[in-house]
There are 4 protein chains.
Amino acid sequence: MALAQCSIRVYYEDTDLAGVVYYANYLKFFERVRTEWLREIGLENLKLLQEEKVVFVVTECNVKYLQAAKMDDMLIATVESYQSSKVRASLEQRILRNGTPICTATVSFACIDVVTAIPVRLPIQLRSKQLPLVNAL
Amino acid sequence: MALAQCSIRVYYEDTDLAGVVYYANYLKFFERVRTEWLREIGLENLKLLQEEKVVFVVTECNVKYLQAAKMDDMLIATVESYQSSKVRASLEQRILRNGTPICTATVSFACIDVVTAIPVRLPIQLRSKQLPLVNAL
Amino acid sequence: MALAQCSIRVYYEDTDLAGVVYYANYLKFFERVRTEWLREIGLENLKLLQEEKVVFVVTECNVKYLQAAKMDDMLIATVESYQSSKVRASLEQRILRNGTPICTATVSFACIDVVTAIPVRLPIQLRSKQLPLVNAL
Amino acid sequence: MALAQCSIRVYYEDTDLAGVVYYANYLKFFERVRTEWLREIGLENLKLLQEEKVVFVVTECNVKYLQAAKMDDMLIATVESYQSSKVRASLEQRILRNGTPICTATVSFACIDVVTAIPVRLPIQLRSKQLPLVNAL
């Protein structure tokens, strides 16, 4: 079972000349559900930035494109699993259409001080989530 | 003669399902040449934000789409003319292909304090540019 | 009462350096709710393109930016009213936050043959909707 | 020496709330220089689509984010090296700032028939480029 998921309707803005979702836009979809997942465990990007002067930064992103998403598709974006050290976290994510994965990603991220750009410890909500990485992909 | 202009190549990222440039993306093109124009008269967005805590905000934008730009097109984006009061400026802009305007815009903008969101006077470089508005469209 | 509306969560992808939604991205929000409205009256962009070889093209777009939308905001995008001739339609649209309009737009569009780029009659579903334009803005 | 390179100025549209280039937008930069590289070896996306009904599709994309690109940065995007089989190609790409790589990617792509979505042979121009993969990253 996914840690978080959200529905994503494909609109004109997401498509390109080839009639399918532009390859960079799947990263937007992956980021939307990460944001919802963070919100669910009590982390809001804007508050983190304004109150603690930290931001999440993606350090690595490995994406597999299996099938093309199309205009009007209703997709599900998920966070499948999560693993972290004190300063870095790694997520397995998927985009599904009718239950079938059409795009998968492994996304690593860290937290940095927004002024100095120096890595800082992950927020406690993330460190307490040290679940074993179940690679469901 | 335009106050500023820059070349814009159309890439996959700019197109949509209909095979042409997505209508919101022309606003990116207009903003690129505005940025270059501001740079030429000594105004850099990042410095303004970091040193003076002010940002430019578009308050109104009227766009006419005359012809569709296509993948691989080489376009010219321009700032045609400029008019300002102490707190608000208005630009006439164009996108041209082979010398023919394919999209035109009137863009009004102001300057606000990034913390309070209160409008502030335009930078002196813009106030000194009170040229008559030659509507070249 | 709006003809159509949909909820829009603001994500990282929508924001810019100034910490607010980038001005071109409101046009994406306006287009999302137009797509949902078209779907409700029986018009799907993809089917129109594939089966009838026609696409909707925006011919003019006048946008007023009243307040800035921010990261994590939950917005409502609406189609407020609609007016058409045989070949052109005009919509009044809004983006609201907590019931307050923060961005409004008048959007005109036409239908063109995707091969010849020649304007064609609007689909019958749109021509039958010749409601008086109630400018609710 | 890179197989292809192009200059990329960072504009407002590329940045996000954190004040840096949004992570999905580096994929746009990588795609711009791939397009220029394809053009140099005689392949135009639009012609391929219209005349041969084939499109390039990215099948995998592995991105490392080393440093953040900022507003007003002047970057260089490159195609460093290239390797292919009959149906699949793999590129090493970089984004550099002042000669220093700030983002690197390995991008695999294939060619598909735009109607059937079935993979087809890569164009002859790409098959004749079977250079050894020099991983310069």
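**Helix, interface and salt bridges in a predicted model**

Q: Which elements of chain D are included in what covers the buried residues of α2(D)?
A: The structure is a predicted model. In chain D, helix α2 spans residues 45-52. The cover over its buried residues includes two elements of chain D, α1 (25-40) and β2 (54-65).

Q: Within what arc do the buried residues of α2(D) fall, seen down the helix axis?
A: The buried residues of this helix are D:Asn45, D:Leu46, D:Leu48 and D:Leu49. They line one face of α2(D), because seen down the axis they fall within an arc of 165°.

Q: Which exposed residues does the face of α2(D) turned away from its buried side carry?
A: The buried side of the helix is made up of D:Asn45, D:Leu46, D:Leu48 and D:Leu49. The face turned away from that side carries the exposed residues D:Gln50, D:Glu51 and D:Glu52.

Q: Which residue just after α2(D) takes a positive phi?
A: Helix α2 of chain D covers residues 45-52. Just after α2(D), a positive phi of about 55° is taken by D:Lys53.

Q: Which three residues of chain B lose the most area to chain C?
A: The contact takes 22 residues from chain B and 22 residues from chain C. About 2,000 Å² is buried between the two chains, and carbon and sulfur atoms give 64% of that area. On the side of chain B, three residues together make up 26% of what is buried there, and these are B:Tyr23, B:Leu27 and B:Tyr65.

Q: Which element gives the largest share of the side of chain B that touches chain C?
A: Across the interface of chain B and chain C, eleven residue pairs are in polar contact. Three elements of chain B give two or more residues to the side that touches chain C: α1 (25-40), α2 (45-52) and β2 (54-65). The largest share is nine residues, and this comes from β2(B).

Q: Which residue of chain C forms a salt bridge with B:Glu60?
A: Side chains of opposite charge can pair when their charged atoms come close. Between chain B and chain C the count is two salt bridges. In the one formed by B:Glu60, the closest N and O atoms are 3.5 Å apart, and the partner is C:Lys64.

Q: In which helix of chain C does the partner of A:Glu13 lie?
A: A:Glu13 and C:Arg32 meet in a salt bridge, at 2.7 Å from N to O. The pair crosses between chains, and A:Glu13 sits in the loop between β1 (4-9) and α1 (25-40) of chain A, while C:Arg32 lies in helix α1.

Q: Is C:Arg32 buried or exposed?
A: A residue counts as buried under 20% relative accessible area. The value for C:Arg32 is 9%, so this residue is buried.

Q: Which residue of chain C meets A:Arg39 in a salt bridge?
A: A:Arg39 is in helix α1 of chain A, and its partner is in the loop between β2 (54-65) and β3 (74-84) of chain C. Both residues are buried. The N to O distance is 3.2 Å, and the partner is C:Asp72.

Q: What is the relative accessibility of B:Glu44?
A: B:Glu44 forms a salt bridge with B:Arg39, the closest N and O atoms being 3.9 Å apart. B:Arg39 is buried, with a relative accessible area of 17%. B:Glu44 counts as partly exposed, because its relative accessibility is 28%.

Conventions. Residues are numbered from 1 along each chain as its sequence is written. Chains are lettered from A and ligands numbered from 1 in the order in which they are written. This is a predicted model: local features need pLDDT of at least 70, side-chain atom pairs count only at pLDDT 80 or more; totals for chains, interfaces and linings use all residues. Side-chain values use heavy atoms; hydrogens and water are left out. Buried means under 20% relative accessible area, exposed over 50%, partly exposed in between (1.4 Å probe, protein chains only). Helices (H or I, at least four residues) and strands (E, at least two) are DSSP runs, numbered from the N terminus. The arc is that of the directions from the helix axis to the C-beta atoms. Contact means heavy atoms within 4.5 Å. Buried area is the accessible area (1.4 Å probe) that two parts lose on being put together, summed over both. A salt bridge is a side-chain nitrogen of Lys or Arg within 4 Å of a carboxyl oxygen of Asp or Glu. A polar contact is a pair of N or O atoms within 3.5 Å; within protein, one must be able to donate a hydrogen and the other to accept it, and residues adjacent in sequence count only if both atoms are side-chain atoms.
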